[in-house]
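Thanks for coming. I will keep this short, so please have a look at the chain on the screen before I start.

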Amino acid sequence: MPKIKTNRGAAKRFSKTGSGKIRRNRAFRRHILTSKSTKRKRNLRGGAIVDSRDHANISRLIPYL
């Protein structure tokens with residue numbers, strides 16, 4: 001059985017935690033930050049955990065991470 005290729009775009013965007021959950025970055029923090037409140041920008045700073053409904057699909061893209 002051949003190895004499965006990792007989707008390199010997904011590998012750069014997602015990482016696995018110690019417990020096996022998938023961590024992602026938040027969107028809307030790249031530009032036009034002057035119109036966004038400080039509170040909103042602060043909350044976008046940290047990462048987030050991928051929702052359970054998307055977990056299986058993303059796991060297929062990053063099988064060895």
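Predicted model: local features only at pLDDT ≥ 70, side-chain atom pairs only at ≥ 80, totals over all residues.

Residues are numbered from 1 along each chain as its sequence is written, and side-chain values use heavy atoms, with hydrogens and water left out.

The sheet is open and has three strands in the order β1-β2-β3, paired antiparallel. β1 (15-16) and β3 (48-49) are at the edges with a single partner strand each, so one side of each has no neighbour in the sheet. Strands here are DSSP E runs of at least two residues, helices are H or I runs of at least four, and both are numbered from the N terminus. Two strands pair if DSSP finds at least two bridges between them. β1 and β2 (residues 22-24) are joined by two bridges, and K16 has I22 as its bridge partner in β2.

T17 sits in the loop between β1 and β2. Is T17 buried or exposed? Its relative accessibility is 17%, so T17 counts as buried; buried means under 20% relative accessible area, exposed over 50%, and partly exposed in between, with a 1.4 Å probe and protein chains only. Beyond four places in sequence, T17 contacts R23 and I49, contact meaning heavy atoms within 4.5 Å.

Now the core. The largest nonpolar core has seven residues, among them F14, I22 and V50. Such a core is a set of buried Ala, Val, Leu, Ile, Met, Phe, Trp, Tyr and Cys residues joined through side-chain atoms within 4.5 Å.

Last, F28 and the loop between β2 and α2 (38-45). F28 has a positive phi, near 70°, without being glycine. I32, in the loop between β2 and α2, has a positive phi of about 55°.
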